[in-house]
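Subject: Structure handover and notes

Hello,

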Amino acid sequence: MVNGRESLDLTLFSGPSGNVVEWLISDSLVPYPEAVAAMEARAAAIVAGEAPELVWLLEHPPLYTSGTSGKTADLLEARFPLFATGRGGQVTYHGPGQRVAYVMLDLKRRRPDVRAYVASLEQWIIRTLAAFNVRGERREDRVGVWVKRPDKGDGYEDKIAAIGVRLKRWVSFHGIALNVEPELSHFSAIVPCGVVDPRYGVTSLVELGHPVTMTDVDIALRQAFEEIFGPTQARLPEATA
């Protein structure tokens, strides 16, 4: 299927001249309610002009989240807590070994275009994967980033990264989740993102044969982010609001 997001011009997502995005990495697992509260506080501060934009890299303890399109039937087994959330999308899993990146950007100052913003997040993931010689691809009918799996059969593909965003007054929050080395069996308790076709599964960098570390991925993520969104500046782990 032809993907319309492939043709979008993503060069306009760099911030204004002199703009620098804060880059924060949390080393310990962050409870989901704590992360949401911090994101909402930071987004409000960005709207008010009281804080700079922020990308926050973290891992969650095992849990499921349900977006605005989530269906109760997509939770097949309640192995871990389920959190309803205001992001777009359906039901997904978060847990150790998955790099979550929460992205708080002022799209009003950058480019107030939700579709192009989602495409830019996809491109960020695709460029990050390319650093490890993995070809990630978009699909018009499925948000996220996918890899072809000819080893599993004709037409088989696995999702390696999920995307779910929310905007408040044109400031984004929530973001992306890239599977580095999570426990993939935990996805079997849900219908990931509502995709029921048995040809479409879930994978990770390690399962694909790339024994990378989370630090390796973080370096690649930062480099690819700066290519699309502009410069970043590391900050010490502390309260994110």
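I begin with T232, whose side chain makes a polar contact with the side chain of R222 at 2.7 Å; a polar contact is a pair of N or O atoms within 3.5 Å, where within protein one must be able to donate a hydrogen and the other to accept it, and where residues adjacent in sequence count only if both atoms are side-chain atoms. Before going further, please note that this is a predicted model, in which local features need pLDDT of at least 70 and side-chain atom pairs count only at pLDDT 80 or more, while totals for chains, interfaces and linings use all residues. Residues are numbered from 1 along each chain as its sequence is written, and side-chain values use heavy atoms, with hydrogens and water left out.

T232 sits in strand β12, residues 232-234; helices (H or I, at least four residues) and strands (E, at least two) are DSSP runs, numbered from the N terminus. Is T232 buried or exposed? T232 has a relative accessibility of 10% and therefore counts as buried, where buried means under 20% relative accessible area, exposed means over 50%, and partly exposed lies in between, with a 1.4 Å probe and protein chains only. A second polar contact joins the side chain of T232 to the side chain of E226, at 2.6 Å. If neighbours within four places in sequence are left aside, T232 is in contact (heavy atoms within 4.5 Å) with V20, V21, W23, R222, F225 and E226.

E226 itself belongs to helix α4 and, because its relative accessibility is 32%, counts as partly exposed. With neighbours within four places again left aside, E226 is in contact with P231 and T232. To place E226 within the model, its C-alpha atom is 29 Å from that of V91, and these two residues are 135 apart in sequence.

Helix α3 covers residues 114-130, and at 1.5 Å a residue its 17 residues should span 24 Å, which agrees with the 24 Å between its end C-alpha atoms; the expected span is 1.5 Å times one less than the number of residues. Most of α3 is covered, with 13 of its 17 residues buried. The N-terminal end of α3 is capped by D113, which has a side-chain oxygen 3.2 Å from the backbone nitrogen of R115.

How does α3 lie against α4? The axes of α3 and α4 (residues 214-229) are 8 Å apart and the helices pack at an angle of about 135 degrees, which makes α3 oblique to α4. Here the axes are lines fitted to C-alpha atoms, for helices over the stretch in contact, and angles run from 0 to 180 degrees between N-to-C directions; angles under 35 degrees count as roughly parallel, over 145 as roughly antiparallel, 65 to 115 as roughly perpendicular, and the rest as oblique. Among the residues of α3 that meet α4 are Y117, W124 and R127, and on the α4 side they include V217, L221 and F225.

I219 is also found in α4, and at 54% relative accessibility I219 counts as exposed.

**Helix α1**

The 16 residues of helix α1 (residues 32-47) should span 22 Å at 1.5 Å a residue, and the end C-alpha atoms are 23 Å apart, which agrees. The buried residues of α1 include Y32, A35, M39 and I46, and among the elements that cover the buried residues of α1 are β1 (21-25), β2 (54-58) and β10. Just after α1, G49 takes a positive phi of about 75 degrees.

**Two loop residues with positive phi**

Most residues other than glycine have a negative phi. N133, however, is not a glycine and has a positive phi of about 60 degrees; N133 is placed in the loop between α3 and β7 (137-139), and at 70% relative accessibility N133 counts as exposed. R169, in the loop between β9 (157-168) and β10 (171-179), likewise has a positive phi, near 50 degrees, and R169 counts as exposed at 69% relative accessibility.

Best wishes
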